[in-house]
Amino acid sequence: MKKGERIRYPKMNRMWRIASKEDLEIIDNAAYHILSEVGVHIDDKECIEYLKDAPVKIDEKELIVKFPEYWIREMIAKAPRSYVLAGRDPKWDLLVKSYQESYFNLFTSGSTKLYEWDDNTNQWNSRIPGEADVIRGFKMVDAIDAYDGFFGTPVEDVVKTNEGLPAELHTAYNKMKYSVKHGGPCAITEGAMVEWDYLGKLAAEVQGGFDELKKRPILASLPSCIGPLQSTRQNFWATVGGAKYYMPTYPYWGGTAPFTGPATGPAMVAMGVACTHYCIALSEYLAPGTPAIPWPNTLTTDPQSGQLAMTPFLNIGDGIGAQVYQDLYGLPVAGCAYCLTSALDEASASWALALITQLLWGVNVQQVGSTPQAFIFETIPMGETLVNYCKQHLFELTENFLNIDNEHLALDLIKEVGPKGMFTTKPHTLKWIDQKMGLFWRSNDWIHEHSDQWLAKGAKTWTEICRERLKELDKHEVTPPIDKDVDERCNALLKQADEELALF
Amino acid sequence: MVTKEEICNEMKEAILAYDKAKCIELAKQGIAEKFKAIDLINDGLTPAIQALGEKFGRGELALPYLMVGAETMQEVLNYLLETMPKGEYKPKAKMVLGSVKGDIHDLGISIVEAVFQANGIHVFNLGKDVPKEKFLAKAEEEGADIIGCSALLTGTLFEQKVMANFLKKQGLREKYIYLIGGGACPSAQWCEQIEADGWATDVLDALSVAKKVLAEKKGIEI
């Protein structure tokens, strides 16, 4: 693959299925049972008011709402099976056509800390990230074609947050300004509807008005149940705000086994699907036809350290939940592949495995998640290589490789070359060696030379090679730049938001 | 009436399109038109193969394509050489290349041949399982600048030392640049031990080593 060339995923003719349709139905029925018999805790009376006309059972004392199966099913049926996740530049619009044929990678981390390598002391330094770091991350991701957009932000603007300003609004606007790609979800975690109103106005300015924003939504919402069947007011507002401004929604579950989720796989998946069902139903109730990209996440926490853990179950559990939505509802799904450690050698191994396993069972919008504990810029080029490596695997499962016909079996050629010949310069070889076919992919930044040569040249690690690429990525110019008038109007909105929403 | 420039340009395009038959046809047409074979080589073949070599060096061309280009060039070159007096064609440098005695692997040297040809070094590829005497005889016959010995198997690596000692015994060690390579893990230490002039296990490294040593020892700039 040439540098800078945008390679698309092939159609997945051979998606791996983890569970049978019967098993998926059992899990789905369990999710309905949880929603109708156990219910969801919505921690705010004002939020529950939104559901007063829905056929739900509200326990006003405990603030628990129970949802009948038929209503949830009715709401999920309103979610479209195809839609657009727009970029600022229409060339980067992501057309989600169906769950069998549309696959995208969105970069993310959302870290509130930054690690930077110091060449003088040969060690990582930790610091609080600010706006310049946020912008740097957006521009780098914009520069790499393997990334189709963002799922949040590479790093948060903690400096502004500490000043009591609405940093997430600034970050959302910087994302639209310093990249032309799809912006994905915005994590408005503190503010209520007033902050969502600012976000909607900013997005509308960038996309050319509210009508255009409705057709080409550049941002999305990220509603969730954060604990065991617990919908906080912040997450509820995400649904309401997203619905008001035509934003697609990425409903997910944030519970983690074995603390806020049960310690067995099927139970985790059922909980994940239940919470995701709830979030989809709420979005479709408030704004029927909202694109919903379910992410029935099944996180685990290491029971010894208490830290989030990238266990195999995350990939398997997410996959089963995703297949509930794909196979029973025909909905494209989201998934997350994070490297949950700061040691990049370890991270890259688990990261690659997470990416490929999820892709093999067909996740449509995949988060390429860099270290969320402390963001490291080197992971941006690192993730590019891993994404392309995974695409290579998928190519080999398609008709490009596994089409068992005369051309691909090449028996005539094998006979022509014979026992002593070479295939190298035969027309068949030249035809099929095209790297776009995916069979002869090579990374731009892995070591291809002999070990002795590598040693003689200084034995650079992959992280060091990625670090060298950062200099090149830093030179990237975002094209086209945002319109000057739009920029002025958005800056005026942000100034107004700072004044209105400042905490101190 | 066709001009020499037109023929040369079309030959170049034919090589870039990997069209061997057309290139040979053009070379024959050029000779029939009484154009000098050396001009067809210098203005038609050489720039085309160099263009392919540059593309390969930039990582924009896969090896099989370069090898097809080199193969095409070699065939047309052989035809043109037959039409001209021996010695008139003077490439920048000449190399005798082969896998050492007992080593039956020749993919690596085919790759080296293609890349070196594309960079102006005329290669006489002796193939696999080549005895030391044959390396030297060909080098003497063609007036080579470089002798290149490849070994893929660790069990044949010692043959690189045998070749170096043979050159010394013949009193011809200083006459030739002696390069070693291949997958049997030659190293800087081995290179120094057998007193070779350079080593590589990778074709692009081999090219840069060859260029460096040619400039240092023979004053030839590639």
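Guide: Helices (H or I, at least four residues) and strands (E, at least two) are DSSP runs, numbered from the N terminus. By that convention A:Pro258 falls in the loop between strand 15 (256-257) and helix 10 of chain A. This is a predicted model, in which local features need pLDDT of at least 70 and side-chain atom pairs count only at pLDDT 80 or more, while totals for chains, interfaces and linings use all residues; side-chain values use heavy atoms, with hydrogens and water left out. Residues are numbered from 1 along each chain as its sequence is written, and chains are lettered from A and ligands numbered from 1 in the order in which they are written.

Visitor: What is the peptide bond from A:Ala257 to A:Pro258, cis or trans?

Guide: The bond is cis, with omega near 5 degrees. The bond from A:Thr479 to A:Pro480 is also cis, with omega near -5 degrees, and A:Pro480 sits in the loop between helix 19 (462-474) and helix 20 (484-501) of chain A. Most residues other than glycine have a negative phi, and most peptide bonds are trans.

Visitor: Which value of phi does A:Leu229 have?

Guide: A:Leu229 is not a glycine, yet its phi is positive, about 55 degrees. The residue belongs to the loop between strand 12 (224-225) and strand 13 (230-231) of chain A. In chain B, B:Glu195 likewise is not a glycine and has a positive phi of about 60 degrees; its place is the loop between helix 8 (188-193) and strand 5 (198-200) of chain B.

Visitor: Why is A:Leu229 called buried, and what is B:Glu195 called?

Guide: Buried means under 20% relative accessible area, exposed over 50%, and partly exposed in between (1.4 Å probe, protein chains only). A:Leu229 has 9% relative accessibility and therefore counts as buried. B:Glu195, with a relative accessible area of 47%, is partly exposed. A:Cys47, in helix 2 (residues 45-49) of chain A, has 0% relative accessibility and so counts as buried. Of the 504 residues of chain A, 57% count as buried.

Visitor: What makes A:Trp71 and A:Tyr285 an edge-to-face pair?

Guide: Rings of Phe, Tyr and Trp (its six-membered ring) pair if their centres lie within 6.5 Å; planes under 30 degrees apart count as stacked, over 60 as edge-to-face and the rest as tilted. The structure holds 18 aromatic pairs over all chains. In the pair of A:Trp71 and A:Tyr285, the centres are 5.3 Å apart and the planes at 70 degrees, so the label is edge-to-face. The two residues are 214 residues apart, A:Trp71 being in helix 3 (residues 69-76) and A:Tyr285 in helix 10 (residues 265-286) of chain A. A:Trp71 is buried at 4%, whereas A:Tyr285 is partly exposed at 24%.

Visitor: Why is the pair of A:Tyr252 and A:Trp295 called stacked?

Guide: Their ring centres are 4.4 Å apart and their planes stand at 15 degrees, so the pair is stacked. A:Tyr252 lies in strand 14 (residues 252-253) of chain A and A:Trp295 in the loop between helix 10 and strand 16 (299-301), so the pair ties together parts that are 43 residues apart in sequence. Both A:Tyr252 and A:Trp295 are buried.

Visitor: How do you know that A:Lys181 lies over the face of A:Trp92?

Guide: A charge sits over a ring if NZ of Lys or CZ of Arg is within 6 Å of the ring centre and within 35 degrees of the ring normal. A:Lys181 lies over the face of A:Trp92 at 4.4 Å from the ring centre. In chain B, B:Lys132 lies over the face of B:Phe166 at 5.4 Å from the ring centre.

Visitor: How do you know that the span of helix 13 of chain A agrees with expectation?

Guide: The expected span of a helix is 1.5 Å times one less than its number of residues. For the 17 residues of helix 13 (residues 379-395) of chain A this should be 24 Å, and its end C-alpha atoms are 24 Å apart, which agrees. Of these 17 residues, 15 are buried, so helix 13 of chain A is largely enclosed by the rest of the structure.
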